[in-house]
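Colleague: I am new to this structure. Please show me how to read its features.

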Amino acid sequence: MRRRTPTAGLALALFAAVTATLAAPAPAGAAPALAAAAPDISVTNVQAHLTQLNMIASSNGGNRRAGSAGYTASVAYVKAKLQAAGYTVSEQICTTCTYRSNNLIAEWPQGPADQVVMFGAHLDSVSAGPGINDNGSGSATLLENALVLASQNPSMTKRVRFAWWTDEEQGLNGSEFYVNSLSATQKSAIKGYYNFDMVGSTNGGYFINRLTSTTAAPLKAYWDSLNLQPEENVEGQGRSDDYSFQQAGIPTSGYAAGASARKTTAQASKWGGTANSAYDSCYHRSCDTTANVSATVLNRSADGVAYAIWQLAVGGGTPTNDFSVAVSPTSGSVARGGSTTATVSTATTSGSAQTVSLSATGAPSGVTVSFSPSSVTSGGSATMTVSASATATTGTFTITVTGTGSVARTTGYTLTVTGTGGCAGGQLIGNSSFESGSTPWTATSGVITNSSSQAARTGSYKAWLDGYGSTHTDTLSQSVSIPAGCASYTLSFWLHVDTAETTTSTAYDRLTVQVGTTTLATYSNLNAASGYAQRSFNLAAYAGQTVTLKWTGTEDSSLQTSFVVDDVTLQVG
């Protein structure tokens, strides 16, 4: 997704577009009365496409920027899959793009040519990284949906067209070029355009472009069936390729999971994740790899796209019986010896109601999950009871709730099991001053050292990351079990940053501090100062979990920066 701040004029234009769509007769978003059941899109297959895109970036300078070899290889990968599946595929050279490169357009050759539903995602990344969430996630989601549509080859009431855009990161240039190349007749044939940009964010939310519009109806209906309570995609307004179609008067919508904006406390409460942290902490960074994608969010997005395609464009007939399953709340906590409850609800999504048997997997040792009743008629609900024994394994776990009828449908529930007897308190970091060798630390060779070139804060040893004056990465980590039931959880360490860089504005060398996959802070050559400074963080959100604390130092090709860490403590009490 392109960095962009909508202007007041744009906000008025968006308001006008939404108003016009709501006032217009039902366009592509109106579901046929009899729509065949949509297929379940394999998230494993979507992830396999992401792996390929990541490998392409790794083989081509670490990115898939428009006009680069990485982008060209990405187009070739997607194109080959589509051609093999039977699509009519074309490449459109964007002559007005910042980087001359190609849009990729694929049309399924069934359905009326003057009734088109279009699904698009940008295929390019920024130059800083491989762009796997931004926007390999949208690109791979559409690719797998296109392949499933071809394999099932249903009868079509509308024509489905897929597009993978170039040069989005430089200003939405590829999609704008495409829209400007269309005649008035060709534009009027497109009954709805759906955009998918960043649909797998690790701390993601569930956002829909123009949420209350008729065009958005099938996307919203699917997420509503999962009880996700989606919100308007405010952060993405005017910042992705749907804007090019909006400007041409074409109705638009789409999914997004969020970029650099921060998740609110209310959103974390209903969706899970970390409040006051970015939806995607690796947005436009080199860490936007396959590790930077939530399989759960990605799966829900991919299945929602399939639902929309089948609702909008697949022929009717006697619908297949199908249903959805959801759990509310989506997370809960139970102490050893206790229990907690949640409501499992089902809904008939097509065909007739059916009997759905409920079960659960993924519970840790000592935890049981039961349902009352154990089976329901789709449209009904049951109470799920989670009970923990006195010796239950503590920590946070994902329980998969499955409804089994003519098909199996699943949903996730995050369970935290806490201990009993209050907080023992104390300092949890082993060998906190590095004076006792490397155990229990895991570190790059030479990081834990008593070298006199950089002084320790106390004693003789410290952790010295980087300082080579050449491209280099050092890591330092320790796994820690954090008890539940304490009032305070404070991680502290002392940091000295020494650099030969002369800039006062550019962060060439960086130190990233993480808990698991969550980034607590990033320091750079711009933080250089004499002596040590203490850095402290509240880790209360990780109570009852075993987590890995990690420091990662990355240094560019010249002028050293040393990140020296000493006296690391995690005090609970």
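Modeller: What follows goes from the sheet to its helices and then to some backbone details.

Modeller: This is a predicted model, in which local features need pLDDT of at least 70 and side-chain atom pairs count only at pLDDT 80 or more, while totals for chains, interfaces and linings use all residues. Residues are numbered from 1 along each chain as its sequence is written, and side-chain values use heavy atoms, leaving out hydrogens and water.

Colleague: In what order do the eight strands of the open sheet lie?

Modeller: First the general idea. Strands of a sheet pair through backbone hydrogen bonds, in a parallel or an antiparallel way. Here, two strands pair if DSSP finds at least two bridges between them. Helices (H or I, at least four residues) and strands (E, at least two) are DSSP runs, numbered from the N terminus. The order is β1-β2-β4-β3-β5-β8-β6-β7, with mixed pairing. β1 (88–94) and β7 (231–232) stand at the edges with a single partner strand each, so one side of each has no neighbour in the sheet.

Colleague: How do β2 and β4 run where they are joined?

Modeller: They run antiparallel, joined by four bridges. Ile105 has Ala163 in β4 as its bridge partner.

Colleague: In which sense do β3 and β4 pair?

Modeller: Strand β3 (residues 116–122) pairs with β4 in the parallel sense, over seven bridges. Phe119 stands opposite Phe162 in β4. From β3 the chain crosses through helix α4 (residues 132–152) to β4, a right-handed β-α-β crossover. A crossover is right-handed if, with the strands pointing away from the viewer, the path from the first strand over the helix to the second runs clockwise.

Colleague: And how many bridges pair β6 with β8?

Modeller: Two bridges pair β6 (residues 207–208) with β8 (residues 252–256), in the antiparallel sense. Phe207 has Ala256 in β8 as its bridge partner.

Colleague: How many residues of β4 are buried?

Modeller: Start with the cut-offs. Buried means under 20% relative accessible area, exposed over 50%, and partly exposed in between (1.4 Å probe, protein chains only). In β4, seven of the seven residues are buried, so the strand is largely enclosed by the rest of the structure. Arg159, Arg161, Ala163 and Trp165 point one way. Val160, Phe162 and Trp164 point the other way.

Colleague: Now the helices. Which strands does α3 lie across?

Modeller: Helix α3 (residues 69–85) lies across β1, β2 (101–107) and β4 (159–165), at about 15 degrees to β2. Axes are lines fitted to C-alpha atoms, for helices over the stretch in contact, and angles run from 0 to 180 degrees between N-to-C directions. Contact means heavy atoms within 4.5 Å. The 17 residues of α3 reach 25 Å from first C-alpha to last, close to the 24 Å expected at 1.5 Å a residue. That expected span is 1.5 Å times one less than the number of residues.

Colleague: Which residues of α3 are buried?

Modeller: An α-helix has 3.6 residues a turn, so residues three or four places apart point the same way. In α3, the buried residues are Gly70, Tyr71, Ser74, Val75, Tyr77, Val78 and Leu82. They cover an arc of only 160 degrees around the axis, which puts them on the same side of α3. The arc is that of the directions from the helix axis to the C-beta atoms. These buried residues pack against α2 (43–58), β1, β2, α4 and β4. The face turned away from the buried side carries exposed Thr72 and Ala84.

Colleague: What does α7 lie across?

Modeller: Helix α7 (residues 217–225) lies across β5 (190–196), β6 and β8, at about 30 degrees to β8. Its buried residues are Pro218, Leu219, Tyr222, Trp223 and Ser225. They fall within an arc of 160 degrees seen down the axis, so they line one face of α7.

Colleague: Where is phi positive in a residue that is not a glycine?

Modeller: Asn276 is one case, with phi of about 65 degrees. Asn276 sits in the loop between α9 (265–271) and α10 (295–313). Asn276 counts as exposed, at 52% relative accessibility. Leu559 has a positive phi near 60 degrees. Leu559 counts as partly exposed, at 40%.

Colleague: Which peptide bonds are cis?

Modeller: Among them are the bond from Ser328 to Pro329, with omega near -5 degrees, and the bond joining Thr439 and Pro440, with omega about 0 degrees. Pro329 lies in the loop between β9 (322–328) and β10 (331–335).
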